[in-house]
Amino acid sequence: MLVSARGLTKTFGDFVAVDGIDVEVRRGEAFGFLGPNGAGKSSTMRMIGCVSPATGGELRIFGQDPAVDGPAIRARLGSCPQADMLDEELTVQENLWIYGRYFGLTKAQTRKRATELLDFAQLTDRRGDKVEPLSGGMKRRLTIARSLINNPELLLLDEPTTGLDPQARHILWDRLFRLKRQGVTLIITTHYMDEAEQLCDRLVVMDHGRIVAEGSPRDLITRYSTREVVELRFDSDDHADHIDAVTGVAAASRVELLPDRLLVYTDDGDATSADLHARGVIPLSTLVRRSTLEDVFLHLTGRTLVD
Amino acid sequence: MSGLDLGAPASRATGVSRFSRALPLPAGAGMARWVIARNAMAFRHGWVALVTGFAEPVFYLFSLGIGIGALVHSVRTDGGSEVPYAVFVAPALLASSAMNGAVMDSTFNVFFKLRYAKLYDSMLATPLGPRDIAVGEIGWALLRGALYSAAFLAVAALAGMVTSWWALLALPAAVLIGLAFAAIGMWATTFMTSWQHFDYITLAIQPMFLFSATFFPLSTYPEGIRWLVQATPLYHGVALERGLMLGEVGWALAGHTAYLVVLGVIGALGAARRIERLLLT
């Protein structure tokens with residue numbers, strides 16, 4: 001067990017950011033914290049990263065207590081914060097060189113490792129450049145490379161792809177998969193359900209500082225949602241007007257109302273659409289799709305992940 | 001990405017942190033030198049700053065020493081000797097430039113790193129602690145200050161403005177002045193939240209530069225405000241440098257030294273404490 005938390009709590013004055021959560025992360029897995037902004041994910045990550053003391057509860061990382069052995073734990077961690085926080089006065093490779101020294105590595109170790117990591121982050125041809133003009137995706141890859149300089153057993157990634165374009169996200173996901181295959185334990189926070197589904201073996205869904213569900217992405221979808229979803233858009237200001245017409249349609253178990261559409265949860269999307277058509281319900285558009293973690297979150301909290 | 005065995009730097013950090021936990025000090029891993037190394041690395045890309053930091057006090061020296069020195073032929077020091085004006089003013093300029101250099105480094109640069117570059121956040125994600133950051137930043141300000149002071153002393157000596165072998169101690173004294181101001185400056189910076197707050201720094205530095213018995217001896221001030229002059233840190237820096245460079249050595253110099261040491265230690269501890277409070281929340 002790399003990380004274990006019992007009743008972990010973080011408060012800022014009267015505000016409860018993390019409200020007594022229990023979490024266990026095993027060696028070699030990719031573990032996710034999924035939740036909307038403000039759910040307490042980053043506060044949890046900062047406590048695990050030993051840069052924020054817990055207000056209450058018990059936290060152990062590598063079996064050690066951050067309050068006592070913070071520097072020793074941090075020496076075995078890699079940490080990618082939400083903002084890149086690269087050293088913009090230095091070049092790409094200098095960022096890696098000096099970071100290695102912060103971990104007490106020798107110059108030879110740092111240089112060797114930096115060369116490997118530049119290759120891993122696909123930044124070898126930019127190694128002598130200043131950091132500032134790099135693209136967002138490159139900066140994020142450099143941040144990840146930097147966090148790997150000490151060969152960490154556990155890598156913390158706080159919203160790793162927020163603000164990146166789709167292509168840059170896919171490159172980054174590919175790099176993270178490679179790390180996982182090499183046996184690095186990953187802890188990822190995200191408010192993108194596709195990211196959680198792609199990367200995480202196991203995850204917890206957080207809302208208002210609490211954990212509302214836990215399991216593998218597949219697990220959670222089976223437990224809290226149906227196999228398929230039919231999304232209906234109508235030509236009207238208030239989709240609530242159409243709920244009655246849709247309720248009780250074939251194969252469906254539940255209808256959720258969103259500002260711009262109705263979601264019909266069903267075990268057979270095609271049967272549901274056919275029945276709607278037979279009933280004379282004619283939406284502007286009908287989309288049949290598989291259930292995702294977004295649906296799990298909606299079911300558990302009554303809200304969408306990304307507003 | 002092969003599994004490199006890089007050893008565990010953890011053991012060393014733990015030993016040091018155990019030690020520091022026994023003392024009422026902000027945490028550090030004894031790795032401040034890497035903060036200094038980082039600054040030296042960044043400085044290689046902006047070495048032109050070195051030239052300006054050196055040039056300013058030298059310009060002052062020649063403008064005041066030669067210009068005003070032509071009008072004011074000699075000055076009676078507080079130590080009682082009669083010296084040419086340039087000789088009188090050179091130690092004060094050395095002390096002031098040590099102050100200015102230290103304040104620049106520990107306020108503007110630290111503020112930028114703290115609030116904008118988030119440099120310290122990324123350092124604190126490693127085994128480094130807040131004490132390493134405070135000690136490293138102040139240490140860097142001292143190194144830079146020492147370089148400027150050495151160059152200034154060399155110019156002053158070549159121009160014949162240095163009259164005593166005690167002046168060799170003027171360099172460590174300048175580093176001590178740098179320590180006091182860098183530490184207090186860094187501490188003050190941790191309380192600042194916008195660039196406007198730097199006006200307060202200017203407000204503190206400028207009168208000190210003008211009125212710390214810098215350009216005329218303490219005896220010329222009205223008796224009622226001498227205590228005020230003597231309370232400022234720069235006064236002690238100027239008095240220390242002047243005593244050494246003019247060879248007027250006495251127990252008073254030990255008092256000036258103690259004042260600056262105390263200021264430096266208080267400032268360094270305060271800065272480390274504040275970084276801890278600001279960033280490790």
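With 15 C-beta neighbours inside 10 Å, His208(A) counts as partly exposed. On this scale a residue is buried if 20 or more other C-beta atoms lie within 10 Å of its own, exposed if 12 or fewer, and partly exposed in between, with C-beta atoms placed from the backbone. What we have before us is a predicted model, in which local features need pLDDT of at least 70 and side-chain atom pairs count only at pLDDT 80 or more, while totals for chains, interfaces and linings use all residues. Residues are numbered from 1 along each chain as its sequence is written, and chains are lettered from A and ligands numbered from 1 in the order in which they are written.

To stay with His208(A) for a moment, this residue is found in the loop between strand 8 (202-207) and strand 9 (210-215) of chain A. Helices (H or I, at least four residues) and strands (E, at least two) are DSSP runs, numbered from the N terminus. His208(A) has a positive phi of about 50°, although it is not a glycine. Gln122(A) is not a glycine either, and its phi is positive at about 55°. That residue lies in the loop between helix 4 and helix 5 (136-147) of chain A, and is partly exposed, with 14 other C-beta atoms within 10 Å.

Let me now turn to chain A as a whole. Chain A contains eleven helices and 13 strands, and its C-alpha trace spans about 75 × 45 × 35 Å along its principal axes. Of its 307 residues, 51% are buried. Two residues are in contact if their C-beta atoms, placed from the backbone, lie within 7 Å. Among the contacts in chain A with a separation of 6 or more, 67% join residues 24 or more positions apart.

The chain is divided into domain 1 (3-221) and domain 2 (226-290), with bounds that come from an automatic or database domain assignment. Taken over C-alpha atoms, the centres of these two domains of chain A are separated by 39 Å.

Is helix 5 of chain A mostly covered or mostly uncovered? Helix 5 of chain A is mostly covered, with ten of its twelve residues buried. Among the buried ones are Met138(A), Arg140(A), Leu142(A) and Ile144(A). They pack against strand 5 (77-80), helix 3, helix 4, strand 6 (154-158) and helix 6 (166-181) of chain A.

Next comes the contact between the chains. Chain A gives 33 residues to the contact and chain B gives 32 residues. On the side of chain A that touches chain B, helix 2 (66-74), helix 3 (92-102) and helix 4 (107-120) of chain A each supply at least two residues. That side divides into 14 nonpolar, eight polar and eleven charged residues; here Ala, Val, Leu, Ile, Met, Phe, Trp, Tyr, Cys and Pro count as nonpolar, Asp, Glu, Lys and Arg as charged, and the others, Gly among them, as polar.

Just after helix 4 of chain B, Lys118(B) takes a positive phi of about 55°.

Finally, the cores. A nonpolar core is a set of buried Ala, Val, Leu, Ile, Met, Phe, Trp, Tyr and Cys residues joined through C-beta atoms within 7 Å. The largest has 156 residues, of which Leu186(A), Ala90(B), Ile138(B), Ile177(B) and Ala183(B) touch the most other members. Helix 4 of chain B gives the most to this core, with 18 residues. A second, separate core of twelve residues includes Val229(A), Val246(A), Val264(A) and Leu276(A). Val229(A) lies in strand 10 (residues 228-233) of chain A and is buried, with 24 other C-beta atoms within 10 Å. Not counting residues up to four places away in sequence, the residues that Val229(A) touches include Leu263(A), Val264(A) and Tyr265(A).
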